[in-house]
Amino acid sequence: MAQDPRELVVLMTHGADHELSSVAFTIACGGLTAGMPVSAFLTSSAVDLVRRGSADHTHVAPLDPLMALMTDFMARGGTIYACTPCVKARGYTQEDLIDGVVISGASAIHERLKTGAASLSF
């Protein structure tokens with residue numbers, strides 16, 4: 001009997017100016033390729049990643065450009081959550097963020113962790 005794939009939560013705290021943001025989305029996309037449901041939870045400076053235009057010119061070779069990684073992640077079913085207090089602290093609204101990003105508190109991730117999701121932090 002086949003077992004459902006374990007879910008993965010990728011917690012990110014770095015902005016577009018740090019290579020770990022590109023690494024995190026590369027690993028998140030890899031989880032999708034492996035058949036895992038994957039969610040990304042952006043907190044602190046990582047919230048800036050999903051502000052329109054913020055990641056358009058970030059490219060950490062040899063990885064794909066950051067915006068391409070995020071677009072691919074969402075197109076393949078990954079969900080990006082942006083921390084509500086972090087969004088508010090920066091004065092952002094839903095309209096400031098790229099399409100498809102969900103503004104949510106940590107409870108969205110806690111629900112996944114309570115049901116056995118694995119987590120990685122960057």
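**After helix α2**

Let me start at Gly77, which follows α2 and has a positive phi, near 105°. Helices here are DSSP runs of H or I with at least four residues, strands are runs of E with at least two, and both are numbered from the N terminus.

Before going on, the basis. This is a predicted model, in which local features need pLDDT of at least 70 and side-chain atom pairs count only at pLDDT 80 or more, while totals for chains, interfaces and linings use all residues. Residues are numbered from 1 along each chain as its sequence is written, and side-chain values use heavy atoms, with hydrogens and water left out.

Now the helix itself. Which residues of α2 are buried? In α2, residues 66–75, they are Leu66, Leu69, Met70 and Phe73. Buried means under 20% relative accessible area, exposed means over 50%, and partly exposed is in between, with a 1.4 Å probe and protein chains only. Those four cover an arc of only 95° around the axis, so they sit on the same side of α2. The arc is that of the directions from the helix axis to the C-beta atoms. As background, an α-helix has 3.6 residues a turn, so residues three or four places apart point the same way. What do the buried residues of α2 pack against? Their partners are α1 (19–33), β2 (38–42) and β3 (79–83), where contact means heavy atoms within 4.5 Å.

Next, strand β3, which contains Cys83. Cys83 is buried, at 9% relative accessibility. Leaving out residues up to four places away in sequence, Cys83 touches Phe41, Leu42, Thr43, Val47 and Ser104. Its C-alpha atom is 6.8 Å from that of Ala106, 23 residues apart along the chain.

Thr43, one of those contacts, lies in the loop between β2 and α2. Thr43 has a relative accessible area of 19% and is buried.

Finally, the whole chain. There are four helices and five strands, in the order β-α-β-α-β-α-β-α-β from the N terminus. The radius of gyration is 14 Å, close to the 14 Å that the globule rule gives for 122 residues, so the protein is as compact as a globular protein of that length. That radius is taken over C-alpha atoms, and the rule is 2.2 Å times the number of residues to the power 0.38. Buried residues make up 39% of the 122.
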